[in-house]
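Here are my notes on the model, point by point. Please read them with the structure open.

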Amino acid sequence: MHGVRFVGMRGEGQASESLVLRSEAGEWRAEAAVAMLACARIGAIHSVVFGGFSSQSLTDRINDAEAKVLITADGGYRRGEVFPLKKQADESLESTPSIESVVVVKRGGNEVDMKAGRDHWYHDL
């Protein structure tokens, strides 16, 4: 799994808008490409972040970037089994006050908890 962090800039090089995108290793999904191209189109800076980090590592990266949006999947595949990415993201979000929205790509088909007002299915946007 890989993730991509997007950081927009304002004024004197200060980060204003950030987005964290998590996807699968070795398989860049169309949703990842769309999100990266959209951020490039609006001039947001982005960097690749490994999505298999612990929840604490994801928390640290979100807080460092002051990210406002997280794009993740319900689950990804690891060794032929579904790995619950959204569950891990939710653990991180308990300590990330800057996140306003979470966009969830339907990939693994596993059950996920969606927080009303914050979490949105990618296919519904």
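1. Terms and ground rules. Helices (H or I, at least four residues) and strands (E, at least two) are DSSP runs, numbered from the N terminus. The model is predicted: local features need pLDDT of at least 70, side-chain atom pairs count only at pLDDT 80 or more, and totals for chains, interfaces and linings use all residues. Residues are numbered from 1 along each chain as its sequence is written, and side-chain values use heavy atoms, with hydrogens and water left out.

2. Helix α1 and E31. Helix α1 covers residues 30-41, and E31 lies in it. E31 is buried, at a relative accessible area of 17%. Buried means under 20% relative accessible area, exposed over 50%, and partly exposed in between (1.4 Å probe, protein chains only). Setting aside neighbours within four places in sequence, E31 is in contact with V105 and Y122. Contact means heavy atoms within 4.5 Å.

3. Overall layout. The protein chain has three helices and eight strands. Read from the N terminus, the order is β-β-α-β-α-β-β-β-α-β-β. Of the 125 residues, 43% are buried. Take the contacts between residues at least 6 apart in sequence: 64% of them join residues at least 24 apart. The accessible surface is about 6900 Å², and carbon and sulfur atoms account for 50% of that. Accessible areas come from the Shrake-Rupley method with a 1.4 Å probe; for residues, only the protein chains shown count as cover.

4. Nonpolar cores. Which residues make up the largest nonpolar core? There are eleven: L58, I62, A67, L70, A89, L93, I99, V102, V104, V112 and W121. Two or more residues each come from α2 (55-65), α3 (85-93) and β7 (101-105). Apart from this core lies another, of six residues, including A35, I71, A73 and L85. A nonpolar core is a set of buried Ala, Val, Leu, Ile, Met, Phe, Trp, Tyr and Cys residues joined through side-chain atoms within 4.5 Å.

5. W121. This member of the largest core deserves a look. Beyond its neighbours within four places in sequence, W121 is in contact with D74, V104, V105, K106, V112 and M114. The charged end of K106 sits over the ring of W121, 4.7 Å from its centre. The criterion is NZ of Lys or CZ of Arg within 6 Å of the ring centre and within 35 degrees of the ring normal.

6. M114. M114 is in the loop between β7 and β8 (119-121). Is M114 buried or partly exposed? M114 is partly exposed, at 29% relative accessible area. Not counting residues up to four places away in sequence, M114 touches K86, V104, D119, H120 and W121. M114 and D90 are 24 residues apart in sequence, and their C-alpha atoms are 9.3 Å apart.

7. Helix α3. Seven of the nine residues of α3 are buried, so the helix is largely enclosed by the rest of the structure. The buried ones are L85, K86, Q88, A89, D90, S92 and L93. K86 has 0% relative accessibility.

8. The structure holds five salt bridges. A salt bridge is a side-chain nitrogen of Lys or Arg within 4 Å of a carboxyl oxygen of Asp or Glu. K86 forms one with D90, with the closest N and O atoms 2.7 Å apart. Both residues lie in α3, four residues apart, about one turn of the helix. K86 also forms a salt bridge with D119, at 2.8 Å between the closest N and O atoms. This pair links distant parts of the chain, with D119 in strand β8 and K86 in helix α3, 33 residues apart. D119 and K86 are both buried. Salt bridges that share partners join K86, D90, R118 and D119 into one network.

9. The side chains of E100 and K68 meet in a salt bridge (3.7 Å, N to O). E100 lies in the loop between α3 and β7 and K68 in the loop between α2 and β4 (69-73), so the pair ties together parts that are 32 residues apart in sequence. K68 is partly exposed, at 22% relative accessibility. E66 lies in the loop between α2 and β4. Its phi is near 50°, a positive value in a residue other than glycine.
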